[in-house]
Amino acid sequence: PSAALVKAMLAGGSRSLTPGQYGTGAYREIPAESPNNVEGWGQPDIEAALFPADGAVVLLDRIQPGAGQTNTFVIVVTQAGQPLDIALVWIDYPATLGAGATLVNDLDLVLAGPGDGLTHANGGSAPDRVNTVETVRLEAATAGEYQIKVIGAAVPYEGGAAALYVRGALAP
């Protein structure tokens, strides 16, 4: 596996530590949203990442859309109400010395679900222009067909490693 796939498995297969050691409400120390500034994408859970209790794992390695292109992958969620975790990771090219923005290649993860519209990565309402790790986490996915879109927003250097990790109640 590429380094991008290993990192995608670690981020996508992680578990949240929310609410933290002090409880909920005003004492909550870890936000429920993921990623967040306290725990990032969460604590890696290798067993759950590789062998989920109520689901399956799909690994897609060495994918790379060109600039302005979209790679679309179709998955089918078979059981409603189960979590769906998707992680896109790519290994970026080094930025030039003194660059204000250090992201060179910019890929976007967008999930199109059955009747749910579009879900952008990292809990945002628009594409993430900062991170090389993008995740979509649905606590209770609707059963049906989903389209995972990997969009090459800016890809000045093609050929880099990118990978997708998908975990949920998926059809084989």
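Strands (E, at least two residues) and helices (H or I, at least four) are DSSP runs, numbered from the N terminus.

## Basis of the model

The structure is a predicted model, in which local features need pLDDT of at least 70 and side-chain atom pairs count only at pLDDT 80 or more, while totals for chains, interfaces and linings use all residues. Residues are numbered from 1 along each chain as its sequence is written, and side-chain values use heavy atoms, with hydrogens and water left out.

## The largest pocket

A pocket is an open set of points on a 1 Å grid over the protein atoms alone, where a 1.4 Å probe fits, with protein on both sides within 12 Å along at least five of seven lines; its lining residues have an atom within 4 Å of a point. The largest pocket has a volume of about 520 Å³, taken as the space filled by probe spheres set on the points, which are joined across faces, edges and corners.

Its lining has 26 residues, and Pro83, Asp85, Leu138, Glu139 and Arg167 lie nearest the centre. Two or more lining residues come from each of β1 (14-15), β7 (117-120), β8 (133-138) and β10 (162-168). The most come from β8, which gives four. By class, the lining holds eight nonpolar, eleven polar and seven charged residues; Ala, Val, Leu, Ile, Met, Phe, Trp, Tyr, Cys and Pro count as nonpolar, Asp, Glu, Lys and Arg as charged, and the others, Gly among them, as polar.

## The sheet

An open sheet of four strands runs in the order β3-β10-β5-β8, with antiparallel pairing; two strands pair if DSSP finds at least two bridges between them. β3 (56-61) and β8 are the edge strands, each with a single partner, so one side of each has no neighbour in the sheet.

Asp85 stands opposite Arg137 in β8 and opposite Arg167 in β10. Five of the six residues of β8 are buried, so this strand is largely enclosed by the rest of the structure. Buried means under 20% relative accessible area, exposed over 50% and partly exposed in between (1.4 Å probe, protein chains only).

## Positive phi in two loops

Arg62, in the loop between β3 and β4 (70-77), has a positive phi of about 60° although it is not a glycine. Its relative accessibility is 58%, so Arg62 counts as exposed.

Asn122 lies in the loop between β7 and β8, and its phi is near 55°, also positive in a residue other than glycine. At 14% relative accessibility, Asn122 counts as buried.
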